[in-house]
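Let's take a walk through this one, with an eye on aromatic rings and on a pair of strands. Have the model open as you read.

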Amino acid sequence: SATFKAIIEAACKMGKEIGVVIGESRPSWEGRQLAKQLGQFGVATTLVVDAALLQMLPECTKVLVGADWIDRHLFANKVGTLSLALGAQHADKEFWIAAETSKIVDDPSTPFVCKSRHPPQEVWAEETENVLIENIYFDSIPLELVTGLICEKGILPRDTLPTLFEG
């Protein structure tokens with residue numbers, strides 16, 4: 001996420017010592033590119049396979065993830081984010097969303113976007129008898145699992161998020 005990257009870079013420019021753990025973000029590998037960019041910026045960056053993010057939680061002080069959209073009850077991000085949110089809750093870690101307010105939607109049909117499937121060849125090009133490949137890009141994460149939102153309006157605790165829908 002561009003907002004995630006901007007937040008980390010701004011914190012570094014303010015003199016904060018930042019280290020990040022990034023999942024590779026299969027199947028499109030966006031995490032690899034983000035890790036490369038942050039590393040080149042001078043941020044101590046660890047890249048792990050997506051499934052290993054939960055194992056890295058003990059080394060983290062908080063979790064910061066992007067969002068593809070945010071509504072009144074949920075937000076969407078790459079598949080695996082729901083597991084990470086639940087793991088953060090279990091490990092008593094803050095779980096923040098990094099996104100611009102332009103990602104906020106007030107459309108009840110948006111959660112259905114998370115149910116869409118993508119080409120199975122992105123996961124495994126070879127067709128194999130009796131193996132169904134589900135290529136799911138997004139998770140829906142309940143806002144109850146979120147500490148708050150970091151956006152262009154500042155740092156907003158979860159209980160203030162409903163005000164973003166007032167118009």
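Predicted model: local features only at pLDDT ≥ 70, side-chain atom pairs only at ≥ 80, totals over all residues.

How many aromatic pairs does the count come to? It comes to two. A pair like this is described by how far apart the ring centres are and by the angle between the planes.

Start with Phe75 and Phe95: their ring centres are 6.3 Å apart and the planes meet at 40°, so this pair is tilted. Where do the two partners sit? Phe75 belongs to strand 5 (residues 74-78) and Phe95 to strand 6 (residues 94-98), so the pair ties together parts that are 20 residues apart in sequence.

Now hop over to Tyr137 and Phe138. Here the centres are 6.2 Å apart, but the planes stand at 70°, which is over the 60 degrees needed, so the pair is edge-to-face. Tyr137 and Phe138 are both buried.

Stay with Tyr137 for a moment, as its ring also has a charge over it: the charged end of Lys78 sits there, 5.2 Å from the ring centre. Elsewhere, Arg32 lies over the face of Trp29, with 4.0 Å to the centre of that ring.

Strand 10 (residues 148-151) pairs with strand 11 (residues 154-157) in the antiparallel sense, over four bridges. Across the pairing, Gly148 faces Pro157 of strand 11.

Technical notes: Residues numbered from 1 in each chain as written. Heavy atoms only, no water. Pairing = 2+ DSSP bridges. Helix = DSSP H or I, 4+ residues; strand = E, 2+ residues; numbered from the N terminus. Phe/Tyr/Trp six-rings, centres within 6.5 Å; stacked < 30°, edge-to-face > 60°. Buried < 20%, exposed > 50% of the residue type's maximum accessible area, 1.4 Å probe, protein only. Lys NZ or Arg CZ within 6 Å of the ring centre and 35° of its normal.
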